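Reader: I am new to reading protein structures, and I would like to go through one slowly, with questions as they come up. Could we start once the structure is in view?

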Amino acid sequence: MSEGGDIVVRVENVVKDFRPGFGLRTKRVLHGISLEVSDGETFGFVGPNGAGKTTTLKILMGLVRATSGRCSILGHDVGETAFRRHVGFLPENSYLYDYLTGRELLDFYARLSGVERRRRPERVETLLDWVGLTDAADARLRTYSKGMQQRVGIAQALVHDPRVVFLDEPMSGLDPIGRKEIRDLILRLRDEGKTVFMNTHILHDVEMTCDRVAIIVEGRIRYAGRIEDFLNAGEREADLILERLSSEAAAELEQRFEATIQGLGERSEVRVREKDVDAVLAHALQLGVSVTSVTPHRVSLESIFLSAVEEGQP
Ligand SMILES: Nc1ncnc2c1ncn2[C@@H]1O[C@H](COP(=O)(O)OP(=O)(O)OP(=O)(O)O)[C@@H](O)[C@H]1O
Ligand SMILES: [Mg+2]
């Protein structure tokens, strides 16, 4: 993929203060955040409600000005406009003209973004097909399900075949099937070599689609890196399921291997360091214990996310 590839999105020390109203104190929403997204990467910007994800995206889209700091996309400062033709955007609450049909909406956006008239019909059909809405193309948007609305929103973001696509919460409010459909679209974007920047708080979707993540909590980035590194940080452990573990045998495993044991007798769950697994197994068999399964223990993104959020609490 894109290790060491060109940097497509760069955010440097961005601070954003909002003034909630005249005379009110300013509120700092972004405390000097920095991040980079490489060419072809699918990047997940993850954080709880109110963390500053949408604000960051709006700054990148040139809709809101940063108080200080610098942002660039494809090497262009976000204050410039010409490079925007290479950028697609699905806003958080994409306002769709609900009296239009899916086909009319895409034709409208294709016109807005300067797709040539003679190329428009073909482009619109391709997009409808791409997001699986060919059969619903002539239905009005107000009859679309939430999942169909998100899909037509993604098609809208792709109308001018951008190199970089920004999606603000593309899976929020969708049922598991709708989420999978959007996930599959994002994976296809990745296969096509697009750079994708996605805001989300649904961790499972991040694990399924993203190469790298940054976790933002209360306007500060708490973690940035590859998902694998994230999940494998610290010492690896494994979970063993054992049967007929006596209390003596348990005590011995605890002592020799610093094992953590839950339950005795019929079924015990034993967590040990991965490097000790062979020795523990040999020892357990010697003690007359039978082994039902051995599974590497995976720290979930969720647990790391929660601890990042907790650390962020005052
Ligand atoms: N125009 C504004 N004026 C004042 N405060 C704002 C404005 N826009 C956003 N904020 C505040 O900035 C903070 C971050 O909001 P933002 O929408 O960026 O969060 P988010 O991470 O996208 O959250 P969510 O997951 O709920 O979409 C919030 O406390 C919000 O109230
Ligand atoms: Mg948001």
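Predicted model: local features only at pLDDT ≥ 70, side-chain atom pairs only at ≥ 80, totals over all residues.

Reader: Which helix gives the most to the shell around ligand 1?

Author: The residues that surround ligand 1 are F18, P20, V29, G47, N49, G50, A51, G52, K53, T54, T55 and H201. Among them are K53, T54 and T55, and a helix that covers residues 53-60 gives 3 residues to this shell, the most of any contributor. That helix is α1.

Reader: How many residues of the shell around ligand 1 are nonpolar, polar and charged?

Author: For this count Gly is placed among the polar residues, and the shell includes G47, G50 and G52. Lys counts as charged, and K53 is one of the residues around the ligand. The shell then divides into 4 nonpolar, 7 polar and 1 charged.

Reader: How are helices α2 and α3 oriented to each other, oblique or roughly parallel?

Author: Two packed helices are described by the angle between their axes and the distance between the axes. Helix α2, residues 102-112, packs on helix α3, residues 120-130, at an angle of about 125 degrees, and the axes are 9 Å apart. Angles under 35 degrees count as roughly parallel, over 145 as roughly antiparallel and 65 to 115 as roughly perpendicular, with the rest counted as oblique. The two helices α2 and α3 are therefore oblique.

Reader: Which residues of α3 make the contact with α2?

Author: The crossing of these two helices, α2 and α3, is right-handed. On the α2 side, the contact is made by G102, R103, L106, D107, A110 and R111, and the contact as a whole has 5 nonpolar, 1 polar and 5 charged residues. On the α3 side, the residues are R120, R123, V124, L127 and L128.

Reader: And how do α4 and α5 lie, roughly parallel or roughly antiparallel?

Author: Helix α4 (residues 146-157) and helix α5 (residues 176-191) have axes 9 Å apart and pack at an angle of about 15 degrees. Their crossing is right-handed, and the contact joins K146, G147, Q150, R151 and I154 of α4 to G178, E181, I182 and L185 of α5. Since angles under 35 degrees belong to one class, α4 and α5 are therefore roughly parallel.

Reader: Turning to strands, which residue stands opposite S72 in β5?

Author: Strand β4, residues 68-73, pairs in the antiparallel sense with β1, residues 7-18, over 5 bridges, and there R10 stands opposite S72. With strand β5, residues 76-77, β4 pairs in the antiparallel sense over 2 bridges, and the hairpin of β4 and β5 has 2 residues between the strands, with L74 at a positive phi near 55 degrees. In β5, the residue opposite S72 is D77.

Reader: In the hairpin of β9 and β10, which residue takes a positive phi?

Author: Strands β9 (residues 212-217) and β10 (residues 220-226) run antiparallel and are joined by 6 bridges, with I221 in β10 as the bridge partner of I216. The hairpin has 2 residues between its strands, and the positive phi, near 45 degrees, belongs to E218.

Reader: Which are the edge strands of the open sheet of 4 strands?

Author: The order in this sheet is β12-β13-β11-β14, with antiparallel pairing. An edge strand pairs on one side only, and the two that do so are β12 (260-262) and β14 (290-297).

Conventions:
Residues numbered from 1 in each chain as written. Chains lettered and ligands numbered in written order. Near = placed C-beta within 6 Å. Pairing = 2+ DSSP bridges. Axes fitted to C-alpha atoms, helices over the stretch in contact; angles between N-to-C directions. Left-handed = near helix turned anticlockwise from the far one by under 90°. Contact = placed C-beta atoms within 7 Å.
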